[in-house]
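User: I would like a close look at one part of this model, with the packing of its side chains and the strands around it.

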Amino acid sequence: MTKAELISALADKGYKRKDAEKYITDVFETISEALEKGEKVSVSHFGVFDIRERAEKTVINPQTKKSVVVPAKKVPVFKAGKTLKERIK
């Protein structure tokens, strides 16, 4: 489902399309801002958005066969909550 499809789904539930777009954009922006600050975002019955650090690693470039160091970095992760997992079964 794309962002546009998500907005349409909210519009189908009775929200004005303009309001639905603003709500969706604001929610994603707020989650992104919290993750930028290093905060965990927990949504009851849905899941947790968090940041994990990936360690530096050495990989081999398949074209040149030379070793390349990939630097350590932070990546966003999502862990589904129990209620969401049960709904998907």
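Which residues make up the largest nonpolar core? Please go on from there to the aromatic rings and the strand pairing.

Analyst: The model is a predicted one. Its largest nonpolar core consists of five residues, namely Ile 31, Ala 34, Leu 35, Val 41 and Phe 49. Helix α2 (residues 17–36) supplies three residues, the largest share of this core. For Ala 34, once neighbours within four places in sequence are set aside, the contacts are Glu 39 and Val 41. Val 41 is itself a member of the core.

Phe 49 leads from the core to the aromatic rings. Besides belonging to the core, Phe 49 is joined through ring pairs to Phe 46 and Phe 78, and these residues form a cluster. The structure contains three aromatic pairs. In one of them, Tyr 15 and Tyr 23 have ring centres 6.1 Å apart and planes at 85°; an angle over 60 degrees counts as edge-to-face, so this pair is edge-to-face. Tyr 15 has a relative accessibility of 42% and therefore counts as partly exposed. Tyr 23, with a relative accessible area of 43%, is also partly exposed.

The pair of Phe 46 and Phe 78 has its ring centres 5.4 Å apart; the planes meet at 50°, so the pair is tilted. Phe 46 is partly exposed because its relative accessibility is 37%. Phe 78 has a relative accessible area of 38% and so is partly exposed.

β1 and β2 run antiparallel and share three bridges. Ser 42 has Val 48 in β2 as its bridge partner. The hairpin that β1 and β2 form has three residues between the strands, and within this hairpin His 45 adopts a positive phi near 65°.

β2 has a further partner in β5: these strands pair in the antiparallel sense over eight bridges. Gly 47 lies opposite Ala 80 of β5.

Key:
Residues are numbered from 1 along each chain as its sequence is written. This is a predicted model: local features need pLDDT of at least 70, side-chain atom pairs count only at pLDDT 80 or more; totals for chains, interfaces and linings use all residues. Side-chain values use heavy atoms; hydrogens and water are left out. Rings of Phe, Tyr and Trp (its six-membered ring) pair if their centres lie within 6.5 Å; planes under 30 degrees apart count as stacked, over 60 as edge-to-face and the rest as tilted. Buried means under 20% relative accessible area, exposed over 50%, partly exposed in between (1.4 Å probe, protein chains only). Two strands pair if DSSP finds at least two bridges between them. Helices (H or I, at least four residues) and strands (E, at least two) are DSSP runs, numbered from the N terminus. A nonpolar core is a set of buried Ala, Val, Leu, Ile, Met, Phe, Trp, Tyr and Cys residues joined through side-chain atoms within 4.5 Å. Contact means heavy atoms within 4.5 Å.
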